[in-house]
Amino acid sequence: MAASLRLGRQGVLFGLRLSHINKYLGATQPWQENVRHLFISQWSLGVSPLKVQMPALSPTMEEGNIVKWLKKEGEVVSAGDALCEIETDKAVVTMESNDDGILAKILMEEGSRSVRLGTPIALMVEEGQDWKQVDIPPPDVAAPPSMQAAVAQFVQSAAPSPPPPPRSATTAMLRLSPAARHILDTHGLDPKLATPTGPRGLITKEDALNLLKTAPAPKASQAMDAPTAPSPVPTPTVTPPPPGVRPNIPPLSIPGKPGAPGTFTEIPTSNIRRVIAQRLTQSKTTIPHAYASIDCDMAAVMQLRKDLAKEQIKVSVNDFIIKAAAVTLKEMPEVNVTWSGDGPCALDSIHISVAVATDKGLITPIIKDAANKGVQEISTNAKALAQKARDGKLLPEEYQGGSFSISNLGMFGITGFSAVINPPQACILAIGTSRAELHLCEDNQTLRTQQLMTVTLSSDGRLVDDELASQFLDKFRANLERPQRMALS
């Protein structure tokens, strides 16, 4: 018992001494807490940002161009605010913010082109955080070739240059791009005379063209090299080909020299033009096009337009064509279909896509539910959509999801043409200009003038066969030649 009491007394004394030591350490070393707070604060580690990525603003969009930033760095942004204007493959669309915060850093400046989907274009931070201390993440994609070339040149200039004798001994190890090699071989130029500007001493196409410009007479040197080529049998001198014979070597195309034979000027391609080219190629290579044409008498439509103009109602011939096509699709729902990967799909709505030519390319805004609208309402919608298309302000829902397309070149004096189907739609109707023709009336054997207009239907042979296309054109003509009948449909 006595031993237990002594051990307990010693334990209490040891605990009291330990508590005094802890108080002393806490009082004499406050700098440890400050240092720990410094290293875990946002001031030293930076502010964790929220990435704003390039969105998919259309189903076929793969990349976009930054047209204009509507917010500046440091401005407060609320959800739904317009951040920037992005040029897609269809139009210029305003991108809206999905979060609240502060725009901390713009990664892609105005004018940035071919920005892939998912690429960060800006950084945002939460309100109350220091946006100037935002952490800029490393790029997820590889640097562009221009940046890689600049880095390679910097590394090459920083590295010690080799002595002249070894450099002359390795002239056989020149690095040429395929285009530069073709140009030098074609004109018989010595690659050692070219000044390489590419990464790691690569002779690029521009270097070869610069050498070609400074060369005194490349063709003469090429002609001199031909007879000296080793040959077991002596060959006669090379004579120029007679007139009208195609030369063996085509003339070299040199950029920046318009007017000279065999030259060209490179034109930058917009996203809209690039997508139009892809879609046209896809349509002509994957869709079996079938064509059928018919002439429509436009006398009744012309007379009705005059009567409506007296009542200050202005509608165009194209408005009647849109209405006639929509009514015909309502009467023949088997034509109102699209093609998917699994087969044909019947559509419940009738949305007419109308081709509109803009400076950036062709776009097809949609007249929705055209069969249930009057000609005057169709005219109002068509004018508003055409103006928005020319201004590049169409919304995605205003040009996506059409079921039937119409392309009218009659105002340009085109008599008739065949249009390319807009996939996944099944048909497109090509409209020509109206023309006056004399026809013999069988009843009284007299001549009368008719205003005829040729329309050509391009149809997908997988969905609309020739018989169905003929029936569609016959009903379309009947509806267009009796416009009052369309009002009752």
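User: Which residue does R435 form a salt bridge with across strands, and how do I read that?

Analyst: Start with the general idea: side chains of opposite charge can pair when their charged atoms come close. In this predicted model, R435 forms a salt bridge with D295, and their closest N and O atoms are 3.4 Å apart. R435 sits in strand 19 (residues 427–440) and D295 in strand 11 (residues 289–297), so the pair ties together parts that are 140 residues apart in sequence.

User: What else does R435 form a salt bridge with?

Analyst: R435 also forms one with E437, with the closest N and O atoms 2.8 Å apart.

User: How many salt bridges does the structure hold?

Analyst: Eight. One of them joins E63 and R274 at 3.1 Å, N to O. E63 is in strand 2 (residues 63–69) and R274 in helix 9 (residues 271–286), 211 residues apart. Those two and R116 are linked in a network of salt bridges.

User: OK, now rings. How do I read an aromatic pair?

Analyst: You describe a pair of aromatic rings by the distance of the centres and the angle of the planes. Here there's one such pair. The rings of F404 and F472 have centres 5.5 Å apart and planes at 40°, so the pair is tilted. F404 belongs to strand 18 (residues 404–408) and F472 to helix 13 (residues 466–481), 68 residues apart. Both F404 and F472 are buried.

Notes:
Residues numbered from 1 in each chain as written. Predicted model: local features only at pLDDT ≥ 70, side-chain atom pairs only at ≥ 80, totals over all residues. Heavy atoms only, no water. Phe/Tyr/Trp six-rings, centres within 6.5 Å; stacked < 30°, edge-to-face > 60°. Helix = DSSP H or I, 4+ residues; strand = E, 2+ residues; numbered from the N terminus. Buried < 20%, exposed > 50% of the residue type's maximum accessible area, 1.4 Å probe, protein only. Salt bridge = Lys/Arg side-chain N within 4 Å of Asp/Glu carboxyl O.
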